[in-house]
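Visitor: I am new to this structure. Could you walk me through how to read it?
Guide: Gladly. Take a look, then ask away.

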Amino acid sequence: MNSDLIIETNINVTIKSIKQWHTYGGLLEGIPTDKLNERIINRVKKEAKEFSGIEETYLIEPKQKPIDYEGKYPFGSPASLPRVTCVAELWHHDVFKNKDKMFSSLCIIWFQEDYAFPIDKDILNKIKEVPFSKVCGEFDY
């Protein structure tokens, strides 16, 4: 897998770093629920900022798959996220908003069933649609 991606039709970005883990790696008992998934997503947003060292993050909204459960589950509606959480820092060696800066960066969060690489094709298509030039941060070396 090449670490370069073309997004927004013509912007060449590089995956500078990537971090991945099992979405439910710490779940010891019970089943995933919509409430747990919301907490996981919020935690990942915070961890992405710590991982990349930048505030600018973009979540590719994951699809939650309902889990069949007879009766009423007391902790929320049973649903699962894809098995692997992925956080990647993208770099572009130019700027879009502040010409006094030297490069652009954005941390992207997504969920997929298997570890990357490869990045899931549906996710890759969504990454290509990210409005990088509008939501990225701009920095100096």
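Visitor: Which residues is Asn-12 in contact with, leaving aside its neighbours within four places in sequence?
Guide: To read a contact list, look for partners from other parts of the chain. This is a predicted model. In this model, Asn-12 is in contact with Asp-4, Leu-5, Ile-6, Trp-91 and His-92, once neighbours within four places are left aside. Asn-12 itself lies in strand E2.

Visitor: Is Asn-12 buried, exposed or partly exposed?
Guide: Check the relative accessible area. For Asn-12 the value is 36%. Buried means under 20% and exposed over 50%, so Asn-12 counts as partly exposed.

Visitor: How far apart are Asn-12 and Asp-94, in sequence and in space?
Guide: Compare the two distances. Along the sequence, 82 residues separate Asn-12 and Asp-94. From C-alpha to C-alpha, the gap is 9.9 Å.

Visitor: What about Lys-65 and Pro-131?
Guide: Lys-65 and Pro-131 are 66 residues apart along the chain. Their C-alpha atoms are separated by 27 Å. Lys-65 sits in strand E4, residues 65-66. With a relative accessible area of 57%, Lys-65 is exposed, because the cut-off for exposed is over 50%. Beyond four places in sequence, Lys-65 touches Ala-79 and Ser-80.

Visitor: Which polar partners does the side chain of Thr-23 reach?
Guide: Look at side chains and backbone separately. The side chains of Thr-23 and Thr-85 are joined by a polar contact of 2.9 Å. The side chain of Thr-23 also reaches the backbone nitrogen of Val-84, at 3.4 Å.

Visitor: Which residues does Thr-23 touch, not counting those up to four places away in sequence?
Guide: Thr-23 touches Ile-40, Leu-81, Pro-82, Arg-83, Val-84, Thr-85 and Phe-111.

Visitor: And Thr-85: buried or exposed?
Guide: Thr-85 counts as buried, at 0% relative accessibility. Its place is in strand E6. Beyond four places in sequence, Thr-85 is in contact with Lys-19, Gln-20, Trp-21, Thr-23, Val-44, Trp-110 and Phe-111.

Visitor: How many residues has the largest nonpolar core?
Guide: For a core, ask about its members, then about the elements they come from. The largest nonpolar core has 21 residues. Leu-5, Ile-108, Trp-110, Ile-119 and Ile-127 have the most contacts inside it. Two or more residues each come from strand E1 (4-7), E2, strand E6 (84-92), strand E7 (103-112) and helix H2 (121-128). E6 gives the largest share of this core, four residues.

Visitor: Which residues does Leu-5 touch, not counting those up to four places away in sequence?
Guide: Leu-5 touches Ile-11, Asn-12, Val-13, Ile-15, Leu-90, Leu-124 and Ile-127. There is also a second, separate core of 14 residues, which includes Tyr-24, Ile-40, Ala-48 and Leu-81.

Visitor: Where are the cis peptide bonds at Phe-117?
Guide: A cis peptide bond joins Ala-116 and Phe-117, with omega about 15°. The bond from Phe-117 to Pro-118 is cis too, with omega near 15°. Phe-117 is in the loop between E7 and H2, and Pro-118 is found in that loop as well.

Visitor: Let us step back. How many helices and strands has the protein chain?
Guide: Count the elements, then read their order. The chain has three helices and eight strands. From the N terminus on, they run β-β-α-β-β-β-β-β-α-α-β.

Visitor: What box do the C-alpha atoms fill?
Guide: Taken along the principal axes, the box is roughly 60 × 25 × 20 Å. Of the 141 residues in the chain, 42% are buried.

Visitor: Of contacts between residues at least 6 apart in sequence, what share joins residues at least 24 apart?
Guide: The share is 70% in this chain.

Visitor: Last, the surface and the charges?
Guide: The accessible surface comes to about 8500 Å², and 50% of it belongs to carbon and sulfur atoms. The chain has 19 positive and 22 negative charges, and their mean positions are 2 Å apart.

Key
Residues are numbered from 1 along each chain as its sequence is written. This is a predicted model: local features need pLDDT of at least 70, side-chain atom pairs count only at pLDDT 80 or more; totals for chains, interfaces and linings use all residues. Side-chain values use heavy atoms; hydrogens and water are left out. A polar contact is a pair of N or O atoms within 3.5 Å; within protein, one must be able to donate a hydrogen and the other to accept it, and residues adjacent in sequence count only if both atoms are side-chain atoms. Contact means heavy atoms within 4.5 Å. A nonpolar core is a set of buried Ala, Val, Leu, Ile, Met, Phe, Trp, Tyr and Cys residues joined through side-chain atoms within 4.5 Å. Buried means under 20% relative accessible area, exposed over 50%, partly exposed in between (1.4 Å probe, protein chains only). Accessible areas come from the Shrake-Rupley method with a 1.4 Å probe; for residues, only the protein chains shown count as cover. Lys and Arg count as positive and Asp and Glu as negative; His and the chain ends are not counted. The place of a charge is taken as NZ of Lys, CZ of Arg, CG of Asp or CD of Glu.
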